[in-house]
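Look at the sequence and the structure, then read on.

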Amino acid sequence: MSFVYDKLLGGKSGAIGLLVLSVIILIVFPMLLDGFRLNLVGKYLTYAFAAISLVLLWGYGGTLSLGQGIFFGLGGYGMAMFLKLEASSPENTAIQSTPGIPDFMDWNQITALPWFWEPFSSFGFTLLAILVLPALFAYFIGVAMFKRRVGGVYFAIITQVIAVILTVLIVGQQGYTGGINGITDLRTLNGWDITSDSAKYLFYYINCGLLIGVILLSRFILTSKFGRLLLAIRDKEDRVRFSGYDVANFKIFIFCFAAFVSALGGAMFTLQVGFMSPSFVGIVPSIEMVIFAAVGGRMSLIGVVYGTLLINFGKTTFSESFPELWLFLMGGTFIAVVMFFPNGLAGLWSQYSPDIIKKIRSTFGMANPELPLSSPGLKETNS
Amino acid sequence: MPSMTNTDFSLSIEDLTVSFDGFKAVDNLNLYIDKNELHVVIGPNGAGKTTVLDLICGKTKSTSGSIKFLNQELTTLSEHEIVRRGVGRKFQTPSIYENLSVFENLEVSYPEGRGVFGSLFFKRSEKVISKINEIAKLIMLDGEMETEAALLSHGQKQWLEIGMLLIQDPQLLMLDEPVAGMSVKEREQTAELLNSISKGRSVLVIEHDMEFVERIAHKVTVLHQGKILAAGKMDEVQKDPKVIEVYLGH
Ligand SMILES: Nc1ncnc2c1ncn2[C@@H]1O[C@H](COP(=O)(O)OP(=O)(O)OP(=O)(O)O)[C@@H](O)[C@H]1O
Ligand SMILES: [Mg+2]
């Protein structure tokens with residue numbers, strides 16, 4: 001059975017699933033949506049990075065992180081720091097008591113750029129920092145937790161606590177971080193206006209490209225022996241350990257990779273939305289990311305992208321008219337999914353799509369029996 | 001304290017003690033196993049049989065004493081290092097990966113690509129596939145390669161776990177109650193399997209089923225309250241009045 005799944009994942013049908021998604025985000029959305037709406041979709045798609053990271057870490061690895069906002073935030077803040085420094089050139093900030101530093105620092109009576117801000121004036125360093133620092137931070141957390149065999153609920157709580165600490169730190173250290181408002185008023189990237197329509201279109205496409213790249217990379221991991229080991233660890237950790245594997249290393253690696261992926265999303269968020277704030281770092285966004293993954297199907301790299309889009313369309317639609325109701329609706333959806341559709345949208349699709357596809361095939365006289373959305377482990381036991 | 005003496009035995013356990021909050025589950029145990037020997041440990045529930053395996057494979061840390069395997073001290077090694085030295089262990093309840101196929105269960109246990117990057121770039125080569133096929137045949141699951149392990153019968157799960165160990169070609173194979181939950185026919189097949197795989201390695205089996213023990217054991221150790229009550233050939237042990245009193249009598 002799993003042979004088939006492997007082939008689906010790496011083979012023709014997996015490719016169809018990805019192709020359908022690519023056509024939707026690269027062609028259909030840009031055709032149907034105006035610039036404002038497309039930018040909104042682009043923002044949603046940055047959350048999908050975090051949702052994908054949870055497929056690997058939680059769906060396959062069995063380790064729930066309630067702190068992916070940490071890494072999304074680190075990526076986002078990294079990018080925001082660079083853009084903010086560029087926006088704070090001495091000419092732009094001539095009216096400040098200390099020109100050349102970000103405005104919020106000036107408001108907080110800070111008179112020189114803090115040392116850890118300095119390197120972010122280099123775009124090269126910033127990119128490197130976005131790619132490396134969140135993963136490095138995850139590495140330290142991972143070593144501290146997994147080598148001591150801390151896992152399950154304890155790990156989830158600890159990641160949550162770290163998310164809270166980071167938020168408190170950002171909010172509290174207003175002079176260094178921009179505080180609760182975050183880092184705002186980002187305008188140019190190497191002199192190029194990022195608020196222009198053409199920039200927004202370009203970022204949207206870059207974002208889509210990165211998302212597809214991340215899906216492919218994740219697939220490579222999941223179809224390798226590493227991927228099967230993740231499932232094995234989730235199921236019987238001791239059996240893996242007593243088969244000669246140092247289990248902690250596998251968990252550390254996937255946690256770092258998940259951090260890396262989430263940080264990419266965060267950086268793309270900043271570029272497309274034009275600011276970064278602690279409200280994308282803490283408990284609520286971290287839990288929302290888990291909900292996106294659960295609704296989309298935590299075993300499906302592509303399913304979670306649809307899950308993220310669906311929940312966010314819902315959020316935008318409902319929260320405009322009934323802001324209080326939305327939280328309950330989302331909570332309710334989450335509980336319903338966990339209880340009745342443990343594999344989310346992707347699970348429903350793989351359950352019902354054979355019939356649908358059969359119908360389509362017989363209507364049009366085609367012959368293509370494979371399912372684009374399926375992924376291995378949909379048969380998983382829920383624990 | 002680990003002993004300094006080396007022996008010709010494949011496994012030599014000396015003065016091994018573990019105490020859980022003062023309760024000595026294994027108490028000053030001495031046990032030696034030869035190469036090519038199939039050694040069975042029997043004893044009443046709670047005698048400490050499983051704990052002995054836990055100590056050998058590093059799941060439980062000993063309070064004192066030494067465990068030497070091929071003259072290497074195991075008590076200081078971590079679990080995966082002990083496995084890599086050639087020690088395989090089957091758990092009392094079948095411990096297999098339910099969501100993976102039989103083939104994948106065996107592949108995941110294949111002793112290559114054991115590091116993070118090794119596993120990412122592990123290739124399902126001809127060599128790997130033929131080894132998996134060979135083991136699957138041995139454990140009588142060659143017809144179930146693509147079956148999800150969760151769907152196997154209890155007995156087949158036991159076999160699969162044995163196969164997952166065999167594919168690593170361990171020099172010491174430890175099996176905790178391998179025939180629990182098996183039908184009579186499956187027990188016979190398992191006895192044959194154990195007899196064939198005990199060649200060229202040491203096998204340590206824990207079992208309650210005396211009929212089965214008679215069929216496979218070269219030597220038997222009877223454990224009671226963490227201590228050795230009797231040891232030797234099966235027929236000698238069976239006649240031992242102490243053994244009859246605490247274990248075989250009922
Ligand atoms: N980690 C532990 N902490 C505390 N007590 C333990 C631990 N492991 C085992 N014990 C105790 O040690 C004793 C021996 O247990 P063990 O599982 O080794 O028995 P056993 O001979 O395998 O029994 P059975 O035939 O029922 O499997 C039991 O009283 C058990 O409760
Ligand atoms: Mg036991």
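## A serine in a loop

This is a predicted model. Start with A:Ser300, which sits in the loop between α13 (283–296) and α14 (303–321) of chain A. A:Ser300 has 1% relative accessibility, so this residue counts as buried. Its side chain reaches the backbone nitrogen of A:Gly303 at 2.8 Å.

A:Lys315 and A:Glu288 pair through their side chains at 2.9 Å, N to O. A:Lys315 belongs to helix α14 and A:Glu288 to helix α13, so the bridge ties together parts 27 residues apart in sequence. A:Lys315 is partly exposed at 26% relative accessibility, whereas A:Glu288 is buried at 12%.

## Where the chains meet

Chain A gives 32 residues to the contact and chain B gives 38. Together the chains bury about 3,300 Å², with 59% of it on carbon and sulfur atoms.

The interface holds 15 residue pairs in polar contact. On chain A, the helices that each supply at least two residues to the side touching chain B are α1 (2–10), α9 (197–223), α10 (225–235), α11 (237–241) and α12 (247–273). The largest share, eight residues, comes from α10(A). By class, this side of chain A has 13 nonpolar, six polar and 13 charged residues.

## Salt bridges

Side chains of opposite charge can pair when their charged atoms come close. The whole structure has 22 salt bridges over all chains. Five salt bridges cross the interface of chain A and chain B. One salt bridge joins A:Lys236 and B:Glu98 at 4.0 Å, N to O.

B:Lys59 and A:Asp238 form a salt bridge too, with their closest N and O atoms 3.7 Å apart. This pair runs between chains, from the loop between α1 and β4 (64–69) of chain B to helix α11 of chain A. B:Lys59 is partly exposed, at 39%. A:Asp238 is partly exposed as well, at 29%.

Within chain B, B:Glu112 and B:Lys127 meet at 3.3 Å, N to O, in a salt bridge. B:Glu112 lies in the loop between α3 and α4 (116–120), and B:Lys127 in helix α5 (126–138), so the pair ties together parts 15 residues apart in sequence.

## The magnesium ion

Which residues are the protein donors of the magnesium ion (ligand 2)? They are B:Thr50, through OG1, and B:Gln92, through OE1, at 1.9 to 2.3 Å. B:Thr50 is in helix α1 (49–57) of chain B, while B:Gln92 is in the loop between β6 (87–90) and α3 (102–109), 42 residues apart. B:Thr50 is partly exposed at 24%, and B:Gln92 is partly exposed at 36%.

Terms used:
Residues are numbered from 1 along each chain as its sequence is written. Chains are lettered from A and ligands numbered from 1 in the order in which they are written. This is a predicted model: local features need pLDDT of at least 70, side-chain atom pairs count only at pLDDT 80 or more; totals for chains, interfaces and linings use all residues. Side-chain values use heavy atoms; hydrogens and water are left out. Donors are N, O and S atoms within 2.8 Å of the metal (3.2 Å for Na, K and Ca); water is not among the atoms, so sites may look incomplete. Helices (H or I, at least four residues) and strands (E, at least two) are DSSP runs, numbered from the N terminus. Buried means under 20% relative accessible area, exposed over 50%, partly exposed in between (1.4 Å probe, protein chains only). Contact means heavy atoms within 4.5 Å. Buried area is the accessible area (1.4 Å probe) that two parts lose on being put together, summed over both. A polar contact is a pair of N or O atoms within 3.5 Å; within protein, one must be able to donate a hydrogen and the other to accept it, and residues adjacent in sequence count only if both atoms are side-chain atoms. Ala, Val, Leu, Ile, Met, Phe, Trp, Tyr, Cys and Pro count as nonpolar, Asp, Glu, Lys and Arg as charged, and the others, Gly among them, as polar.
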